[in-house]
Amino acid sequence: MCIRDRVEGFGEEAEEKPYHQGGFGRVYRVWHRMWELNMAVKTPRQGAFKTAKQKEAFIQECETWVNLGLHPNIAACHYIREIGNIPRIFSEYADAGTLSQWIRSDRLYEGGKQATLARILDTAIQFAWGLHHAHECGVIHRDVKPLNALMWSDGTLKVTDFGLASARKH
């Protein structure tokens with residue numbers, strides 16, 4: 001795998017960066033040579049896990065995400081690997097940022113009232129389909145927000161970041 005710069009922002013505000021810094025840690029865009037695919041690698045910040053039990057709980061939550069399988073409105077989590085004793089999440093890479101970025105940059109609202117309304121409804125429905133699939137698999141997301149909805153340039157939305165998800169107890 002090799003790390004690639006990622007683009008943040010849109011239009012004139014677009015900027016290439018080697019990673020995105022979030023509250024949990026850094027997200028890198030990498031190229032998977034065997035699969036010939038861009039992937040996102042989420043790396044927890046230093047000190048994210050105070051105990052081995054916390055780290056193991058995190059890995060189990062990630063496995064829950066992997067086990068959701070493929071769905072058009074769930075960002076696929078391909079696998080988790082420990083590198084340097086740190087669990088790293090290898091997931092689908094979104095080529096157009098997050099719904100939060102689309103809202104802040106006004107990209108969600110482009111094209112007049114009719115186009116904006118259609119895009120907002122389509123986005124909401126896709127979000128609901130992704131959450132519905134997770135619920136059907138027995139998983140409740142627990143952190144639903146625009147930052148946890150990834151966007152593709154064709155308007156596809158995929159729910160991501162199942163780090164706070166919990167499996168229902170039956």
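How far is the sulfur of C62 from the closest cysteine sulfur? In this predicted model, the closest cysteine sulfur to that of C62 belongs to C77, and the distance of 5.9 Å is too far for a bond. A disulfide is a covalent bond between the sulfur atoms of two cysteines. For a pair to count as a disulfide, the sulfur atoms must lie within 2.5 Å. A search of the whole structure finds zero disulfides. C62 is buried, with a relative accessibility of 2%, whereas C137 is partly exposed at 39%.

The secondary structure of the chain consists of three helices and 12 strands. The chain has 170 residues, of which 39% count as buried. Its accessible surface comes to about 10000 Å², and 54% of this area belongs to carbon and sulfur atoms. Of the contacts between residues at least 6 apart in sequence, 53% join residues at least 24 apart.

Helix α3 covers residues 112-136. With 25 residues at 1.5 Å a residue, α3 should span 36 Å, and its end C-alpha atoms are 36 Å apart, which agrees. The buried residues of α3 are T116, T123, Q126, F127, G130, L131, H133 and A134. An α-helix has 3.6 residues a turn, so residues three or four places apart point the same way. The elements covering the buried residues of α3 include α2 (99-104), β9, β10 and β11 (157-159). A nonpolar surface patch of about 410 Å² is formed by L117, L121, I125 and W129; of these, W129 is placed in helix α3. After α3 comes G138, which has a positive phi near 85 degrees.

Strand β6 (residues 37-44) contains A40. A40 counts as buried because its relative accessibility is 8%, below the 20% limit. Leaving aside residues up to four places away in sequence, A40 touches V27, Y28, I89, F90, S91, E92 and Y93. The C-alpha atoms of A40 and R88 are separated by 9.9 Å, although the two residues are 48 apart along the chain.

The loop between β9 (139-140) and β10 (149-151) holds N148. N148 is buried, at 3% relative accessibility. Beyond residues up to four places away in sequence, the residues that N148 touches are F127, H141, D143, K158, V159, T160 and D161.

Most residues other than glycine have a negative phi, and most peptide bonds are trans. R142 is not a glycine, yet its phi is positive, at about 70 degrees. D161 is another residue other than glycine with a positive phi, in this case near 60 degrees. D161 is placed in the loop between β11 and β12 (166-167) and is partly exposed, at 22% relative accessibility.

The count of salt bridges comes to four. In one of them, the side chains of D161 and K42 meet at 3.1 Å, N to O. This pair links distant parts of the chain, since D161 is in the loop between β11 and β12 and K42 is in strand β6, 119 residues apart. K42 counts as buried, at 16% relative accessibility, whereas D161 is partly exposed.

A salt bridge is also found between the side chains of E82 and K55, at 2.9 Å, N to O. E82 lies in strand β7 (residues 77-83) and K55 in helix α1 (residues 52-66), so the pair ties together parts that are 27 residues apart in sequence. The relative accessibility of E82 is 44%, which makes E82 partly exposed, while K55 is buried at 15%.

The side chains of D143 and K145 likewise meet in a salt bridge, with an N to O distance of 3.6 Å. D143 is buried, with a relative accessible area of 19%; K145 is partly exposed, with a value of 33%. D143 is also one of the residues touched by N148.

Conventions: Residues are numbered from 1 along each chain as its sequence is written. This is a predicted model: local features need pLDDT of at least 70, side-chain atom pairs count only at pLDDT 80 or more; totals for chains, interfaces and linings use all residues. Side-chain values use heavy atoms; hydrogens and water are left out. Helices (H or I, at least four residues) and strands (E, at least two) are DSSP runs, numbered from the N terminus. Buried means under 20% relative accessible area, exposed over 50%, partly exposed in between (1.4 Å probe, protein chains only). Contact means heavy atoms within 4.5 Å. The expected span of a helix is 1.5 Å times one less than its number of residues. Patches are made of residues with over 30% relative accessible area and no salt bridge: like charges are joined within 9 Å, nonpolar side chains (Val, Leu, Ile, Met, Phe, Trp, Tyr) within 5 Å. Accessible areas come from the Shrake-Rupley method with a 1.4 Å probe; for residues, only the protein chains shown count as cover.
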